[in-house]
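Please brief me on this structure.

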Amino acid sequence: MKLFTKLLTIALSLLAGLAGARISGAVWKRATGEQPPAVTNPESQQRTKIGKVLAFAVFSGATASVVQAVTKRWTQNLIEKKRTP
């Protein structure tokens, strides 16, 4: 059971991280009208001014932290519900 719980937590964390990255990129594109200056988009990252790159880094980092916290709390709640009869 513990192995299953760990695997579930890892899988949910990975999926949540991917979703968070997609969400932050989509929000950035909608807010600025530009592609996000992410590592996955090096051309955009090189053309973008450093202030925007830093702003995106802060925004995407905050998004990742929130997604991570919510995912951990959600999986912890699932584990606790499984333990209580």
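The points below are grouped by topic.

This is a predicted model: local features need pLDDT of at least 70, side-chain atom pairs count only at pLDDT 80 or more, and totals for chains, interfaces and linings use all residues. Residues are numbered from 1 along each chain as its sequence is written, and side-chain values use heavy atoms, without hydrogens and water.

**Helix α3**
- Helix α3 covers residues 50-83, 34 residues in total. Helices are DSSP runs (H or I, at least four residues), numbered from the N terminus.
- From first C-alpha to last, α3 reaches 49 Å, close to the 50 Å expected at 1.5 Å a residue. The expected span is 1.5 Å times one less than the number of residues.
- Its buried residues (under 20% relative accessible area, 1.4 Å probe, protein chains only) are Val53, Phe56, Thr63, Val67, Thr71, Thr75 and Ile79.
- These buried residues of α3 pack against α1 and α2 (42-47).

**Salt bridge**
- The structure holds 1 salt bridge (a side-chain nitrogen of Lys or Arg within 4 Å of a carboxyl oxygen of Asp or Glu).
- Lys52 and Glu34 form it, at 3.0 Å, N to O.
- The pair links distant parts of the chain, 18 residues apart: Lys52 sits in helix α3, Glu34 in the loop between α1 and α2.

**Nonpolar surface patch**
- Leu3, Leu7, Ile10 and Leu14 form a nonpolar patch on the surface, with about 440 Å² of accessible area together.
- Patch members have over 30% relative accessible area and no salt bridge, with nonpolar side chains (Val, Leu, Ile, Met, Phe, Trp, Tyr) joined within 5 Å. Areas come from the Shrake-Rupley method with a 1.4 Å probe.
- Leu7 lies in helix α1 (residues 2-32). Leu7 counts as exposed because its relative accessibility is 51%, and exposed means over 50%.

Note on methods. Patches are made of residues with over 30% relative accessible area and no salt bridge: like charges are joined within 9 Å, nonpolar side chains (Val, Leu, Ile, Met, Phe, Trp, Tyr) within 5 Å. Helices (H or I, at least four residues) and strands (E, at least two) are DSSP runs, numbered from the N terminus. Contact means heavy atoms within 4.5 Å.
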